Amino acid sequence: MSLTLDTYRLLGRSGLRVSPLALGTATFGTEWGWGAEEDEAHKLFDRYVEHGGNFIDTANTYTEGSSERLLGEFTRENRESLVLATKYTTLRRPGDPNSGGPHRKSLFASVEASLRRLNTDYIDLLYLHVWDFTTPVEEILRAMDDLVRQGKVLYVAMSNVPAWQVSRMQAIADLRGWSPLVALEIEYSLIERTGERDLIPMAHEMGLGVVPYSPLAGGVLTGKYSSGDLTGTTTASAESTRKSFNAAMGMVTEHNLTIADVVKDVAKELGRTPAQVGLAWTLQNPDVAAPIIGARTPAQLEDNLGALEVDFTAAQLARLDEASAIALGFPHDALASDHIRKVTAGDMKIDTRR
């Protein structure tokens with residue numbers, strides 16, 4: 001593969017050029033019990049940019065706002081050359097019902113607050129962060145389009161939203177001449193492949209670049225977890241706090257540790273680290289624009305960037321795919337079956353290349 005951070009990709013159906021690995025900044029600040037202090041976070045930012053990286057991912061409530069605030073400081077000298085992505089919808093003030101959610105009031109207030117913290121006049125890419133099943137899609141799309149027309153947001157996108165809602169929104173935006181969606185941020189890794197059922201095929205058809213978060217499954221694919229972590233016993237430290245969080249989220253299971261073992265085996269064969277193998281696997285998917293890396297130290301960042309140089313053999317990819325395979329379920333498995341092929345196409349040969 002042998003990519004570099006300055007081998008840029010187009011984001012979805014837009015002309016926006018982004019690096020093949022995005023820098024996640026949920027680790028900028030220690031308010032969540034883990035992460036990087038300001039000096040260390042600045043080093044991470046500087047190293048990423050020095051390598052040619054330009055795609056920065058944050059959110060309005062990451063580390064209670066510290067992530068955006070630190071980025072506002074770090075980007076003073078090179079703001080225009082960066083693609084800053086942030087998100088809205090998570091609750092900004094507990095007890096205030098309108099300080100979260102996808103609706104217009106939440107959106108406008110959140111964007112204004114993000115602009116202040118980021119020390120900028122515009123946001124390059126704005127995601128709806130979490131779907132809540134309450135706000136009409138027309139309200140969301142029109143409000144997003146208003147911000148684009150005001151110049152406060154350049155591109156809009158979705159994260160953590162059902163595939164059918166995203167495709168519906170894209171169709172409505174196209175029909176009404178509103179700003180189209182250009183990206184879809186989803187959890188995607190060797191451990192979490194369910195996006196392959198509907199989300200990723202939908203993104204392909206509707207022109208959204210897929211931006212995977214947690215491509216290392218919260219660190220499970222780095223090889224730092226073992227069967228001993230299944231008990232959930234930890235000691236007090238930032239590392240153990242993150243481990244406890246992952247255990248509570250159901251990330252540390254026998255099945256997932258089995259996948260991590262295959263990753264370790266392939267990494268050993270390649271002379272690479274498990275983290276590099278896990279990240280490189282996501283880059284094999286042609287619909288993936290840029291996985292988000294969330295390093296806490298410069299050493300971790302350098303290791304993650306090595307994923308761009310990983311070259312798999314066909315046999316190694318097959319082993320990784322087999323270990324992590326999921327059932328696509330109905331109707332996908334049925335439509336791919338020999339029976340359906342026989343009753344719909346018989347012996348006909350169709351060239352489906354595009």
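What you have open is a predicted model, in which local features need pLDDT of at least 70, side-chain atom pairs count only at pLDDT 80 or more, and totals for chains, interfaces and linings use all residues. Residues are numbered from 1 along each chain as its sequence is written, and side-chain values use heavy atoms, with hydrogens and water left out.

**Stop 1: the sheet**

Switch to cartoon. Helices (H or I, at least four residues) and strands (E, at least two) are DSSP runs, numbered from the N terminus. Look for an open sheet of eight strands in the order 9-8-7-6-5-4-3-10, with parallel pairing. The edge positions go to strand 9 (209-213) and strand 10 (292-293); each has a single partner strand, so one side of each lacks a neighbour in the sheet. Two strands count as paired if DSSP finds at least two bridges between them. As background, strands of a sheet pair through backbone hydrogen bonds, either parallel or antiparallel.

**Stop 2**

To see one of the pairings, pick I56, whose bridge partner in strand 5 is L84.

Touching here is contact, meaning heavy atoms within 4.5 Å. Axes are lines fitted to C-alpha atoms, for helices over the stretch in contact, and angles run from 0 to 180 degrees between N-to-C directions.

Six of the six residues of strand 5 are buried, so the strand is largely enclosed by the rest of the structure.

**Stop 3: L107**

Jump to L107 in helix 3 (residues 104-118). With 0% relative accessibility, L107 counts as buried. Leaving aside neighbours within four places in sequence, L107 is in contact with Y88, L126, A143, M144 and L147.

**Stop 4: strand 8 and its neighbours**

Select strand 8 next. Six of its seven residues are buried, so this strand is largely enclosed by the rest of the structure. Three bridges join strand 7 to strand 8, which run parallel; M158 has L184 in strand 8 as its bridge partner. Helix 6 (residues 199-206) lies across strand 8 and strand 9, running at about 170° to strand 8.

**Stop 5**

Show the surface and head for the second largest pocket, which holds about 200 Å³ of space. Of the 13 residues that line this pocket, N160, V161, I186, E187 and L199 are the closest to its centre. On a 1 Å grid over the protein atoms alone, a pocket is an open set of points where a 1.4 Å probe fits, with protein on both sides within 12 Å along at least five of seven lines; lining residues have an atom within 4 Å of a point. Grid points are joined across faces, edges and corners, and the volume is the space filled by probe spheres set on the points.The lining divides into six nonpolar, three polar and four charged residues; Ala, Val, Leu, Ile, Met, Phe, Trp, Tyr, Cys and Pro count as nonpolar, Asp, Glu, Lys and Arg as charged, and the others, Gly among them, as polar.

Stay on N160, in the loop between strand 7 and helix 5 (163-176). Its phi is near 55°, a positive value in a residue other than glycine.

**Stop 6: two loops**

Go to the loop between strand 4 and helix 2 (66-74), where T63 sits. T63 is buried at 0% relative accessibility, whereas E64 counts as exposed at 60%. Finish with G33, in the loop between strand 3 (22-24) and helix 1 (38-50); the C-alpha atoms of G33 and T63 are separated by 9.2 Å.

Notes: Buried < 20%, exposed > 50% of the residue type's maximum accessible area, 1.4 Å probe, protein only.
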